[in-house]
Amino acid sequence: MNQAIDGPIDVTGQDGARLHISGLFIAFVSGLPQLLFPLLAAVFGARKSDNPALIPIMVAAVLALSLFYRWLIWLRFRYHVGDDDIRVEKGILNRTARSIPYERIQDVSIQQKPLARIMGLSEVKFETGGGDGDDAKLSFVTLDEANRLRALVRSRKAGVALVQNISGTVVSEDAETLFAMDGKRVFILGLYSFSLVIFAVLGGFAQQFDFLLPFDFWDLKRWVGLAEDSGVRVSTINGVGMAGQLILVFGAFTSLIFIGFATGVVRTFLREHGFRLTQTSKGFRRRRGLFTLTDVVMPAHRVQAAVVQTGPIRKRSGWHSLKFVSLAQDSKEESNYVAAPLATLDELWRIAKAAGIDAPNGEEGLHTGAKLHWIIQLALLVPPLLIAMAALLIFADRYLAPILFLSLLLGIAACLFWCDWRRYRFGLDAQQLYLRRGWWRQQLTLAPQIKVQSMEIAQGPLARRYGLASLKFGIAGGTLEMVALPLSTAQAIRAAVMEKVADVDYSAINQSR
Amino acid sequence: MTDDAPPELTPLDPAFITTSRIATALGLLPFVIGAGVLETAKLLPPGTFLVPMLLVYAFVAFTVPARKYRHWGYDMGTGRLRVVRGYMFYRDTFVPFGRIQHIDVDQGPIDRRYGLATLTVHTAGNHNSTVALPGLAYADALAMREAMRAAIRQETL
């Protein structure tokens with residue numbers, strides 16, 4: 001059996017090195033908190049028996065088991081530093097052999113936690129741009145070995161880097177201001193950021209801290225009582241008449257709307273005050289913020305795609321926003337790099353151009369989706385609605401109103417699908433991919449074809465029947481999915497993009513400057 | 001049915017049917033045991049739980065893997081790996097060698113018994129960041145890994 005396990009793994013003929021055995025101890029100690037529950041369970045289970053000696057035995061057994069498990073992991077883990085790649089083989093039963101080519105290693109990080117530091121060990125992480133973030137970790141090796149590995153990777157990459165610098169694009173050296181927003185622009189943006197979030201926040205606070213309040217916040221009767229104490233009576237409200245009630249409702253709405261706009265403006269000023277995007281030798285540099293000033297640099301070559309967004313109202317005044325898609329996360333709320341929150345199209349294309357992304361040539365080359373795609377989606381809604389109607393006819397006394405309501409739902413869905421179809425455009429030119437979608441949040445995604453990571457043609461059962469397909473592009477940090485294409489179109493686009501992609505290697509597009 | 005797979009695709013190793021059957025059979029065993037337990041409780045006439053369960057079990061564990069096998073296929077083209085899978089939900093994926101971040105070759109206990117392996121390539125894209133190709137002969141998987149690695153190396157230099 002042992003032979004069967006070890007047999008195939010050595011096919012590569014490379015033994016590789018084991019991790020440092022003392023790492024076992026560190027892993028064991030740092031894993032102790034996880035053992036708390038098993039230990040408690042063991043103690044609890046042993047407590048009932050008459051023999052008090054059982055408790056330490058159980059504890060020892062749990063600890064020994066954990067140590068044994070970690071020893072097995074250690075035993076089955078090997079890494080090998082090869083000529084072209086670093087290989088890691090691991091797994092007790094499920095064996096995984098991972099190969100990381102030197103060209104793909106973006107960063108080697110060496111980490112020393114306190115315990116490891118005492119023992120002169122360190123953890124080495126090889127970071128690649130892999131989408132799932134789970135690359136390769138050697139925990140633990142001696143610090144010397146860690147430094148040796150890092151030096152090795154750097155020297156292997158150095159040759160590559162030299163080649164890339166020659167073919168890199170030239171970025172101007174002086175910091176040129178690409179885009180800035182004055183107070184007026186920030187104010188306009190604030191108006192578009194209408195938000196009633198303040199009520200949610202207040203409500204949340206009230207719920208969280210209601211034990212601090214001297215009364216029950218959610219007691220409606222108390223509020224009514226409070227109002228009555230200050231002279232307002234239900235009869236008085238009833239007594240003000242129709243006009244009075246209307247004025248009250250109107251007042252309530254106006255204050256709500258005012259609060260909504262005020263929140264939007266204040267929040268926007270806090271975040272966007274003094275917005276300035278400049279182009280430096282390192283890439284885009286963005287400074288903004290009223291109290292907490294942020295200063296974020298984004299290398300231009302890291303930009304994987306651009307997203308131009310607008311809404312039905314702001315579009316009338318010509319306002320759009322521009323974001324860059326990359327593997328980095330911009331802030332907590334925003335995963336894409338905000339390059340311009342509120343800009344005219346002219347300003348915006350100028351920024352995009354600096355990132356190597358060109359404006360589409362009008363509507364030319366953009367295609368509408370096959371209507372059938374939306375019709376199928378709508379048709380899928382019909383059976384459940386019909387069943388609901390049938391149920392109403394059979395079981396309800398008054399079925400007319402609910403049935404009208406259900407038909408109305410179908411009508412609304414049809415309208416939404418129609419709007420979606422009308423706005424939807426896809427297309428490509430010699431360099432870029434385009435995708436426009438959404439009638440409320442109108443988004444145009446532009447991606448250079450050479451930055452595409454993978455392509456997938458997908459067909460569901462119904463789509464397959466009608467020869468429709470969707471084409472999903474893997475973009476680092478974002479998604480781009482074309483839907484409602486005839487299968488042949490999808491295949492043609494894929495072939496065209498494949499031709500562009502095959503010429504350029506990943507490390508060349510993402511490291512060159 | 002077999003004609004559905006485009007002719008240029010390489011099928012998986014036939015042993016994939018067996019390993020897939022074993023894996024599904026083991027994975028669904030708890031349900032059969034559960035049905036057996038319900039049966040012994042004698043809530044309903046004998047066989048109400050066990051018979052349909054066994055039929056479904058036989059179908060899912062025996063017939064489905066063979067169908068699944070027929071709809072898998074791959075192609076190592078010049079410069080890209082193509083993985084095709086699924087009939088109802090058809091997926092046809094291209095991964096250019098130039099975009100591969102790293103490559104895994106996995107072997108589970110059942111795979112090892114039959115000399116199979118799963119090849120997984122990782123890309124930087126959010127969508128399809130991992131593309132897995134199961135049911136390859138272990139030696140083939142290793143050879144494919146070497147070929148892709150060589151391609152990456154060549155393109156960079």
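At what angle do the axes of helix α2 and helix α4 of chain A cross? Roughly 135°. Let me start there.

This is a predicted model, so keep that in mind throughout. Helix α2 of chain A covers residues 23–30, and helix α4 of chain A covers residues 54–75. Their axes come within 10 Å. An angle over 145 would count as roughly antiparallel, and 65 to 115 as roughly perpendicular, so this pair is oblique. The crossing of α2(A) and α4(A) is right-handed.

Who makes the contact? From α2(A), we have A:L24, A:A27 and A:F28. From α4(A), we have A:S66, A:L67, A:R70, A:W71 and A:W74. By class, the residues of this contact are six nonpolar, one polar and one charged.

Helix α7 of chain A, residues 183–192, packs on helix α11 of chain A, residues 241–272. The angle is about 135°, and the axes are 7 Å apart. That makes α7(A) oblique to α11(A). The crossing of α7(A) and α11(A) is right-handed.

The contact list here: α7(A) brings A:V186, A:F187, A:L189, A:G190 and A:L191. Helix α11(A) brings A:F261, A:G264, A:V265, A:T268, A:F269 and A:E272. Sorted by class, the residues of the α7(A) contact with α11(A) are seven nonpolar, three polar and one charged.

Now to the interface. How many residues does each chain put into the contact? Chain A gives 53 residues and chain B gives 44. On the chain B side, several elements supply at least two residues each. The strands are β3 (90–96), β4 (100–107), β5 (116–123) and β6 (130–137). The helices are α3 (109–113) and α4 (138–156). Helix α4(B) gives the most, with nine residues. The chain B side divides into 16 nonpolar, 17 polar and 11 charged residues.

Strands also join the two chains. Strand β18 of chain A, residues 452–459, runs antiparallel to β3(B), with five bridges between them.

As a reminder, strands of a sheet pair through backbone hydrogen bonds.

Strands β4(B) and β5(B) share six bridges, in the antiparallel sense. B:I100 stands opposite B:T123 in β5(B).

Last topic: confidence. Chain A averages a pLDDT of 81, and 85% of its residues score at least 70. Two stretches need care. Over residues 1–13 of chain A, pLDDT is below 50, and the model has 11 contacts for this stretch beyond near neighbours in sequence. Over residues 161–173 of chain A, pLDDT stays under 50. The model has 12 contacts for residues 161–173 beyond four places in sequence. Where pLDDT is low, the predicted coordinates should not be read in detail.

Terms used
Residues numbered from 1 in each chain as written. Chains lettered and ligands numbered in written order. Predicted model: local features only at pLDDT ≥ 70, side-chain atom pairs only at ≥ 80, totals over all residues. Axes fitted to C-alpha atoms, helices over the stretch in contact; angles between N-to-C directions. Helix = DSSP H or I, 4+ residues; strand = E, 2+ residues; numbered from the N terminus. Parallel < 35°, antiparallel > 145°, perpendicular 65-115°, else oblique. Left-handed = near helix turned anticlockwise from the far one by under 90°. Contact = placed C-beta atoms within 7 Å. Nonpolar A, V, L, I, M, F, W, Y, C, P; charged D, E, K, R; others polar. pLDDT = per-residue confidence, 0-100. Pairing = 2+ DSSP bridges.
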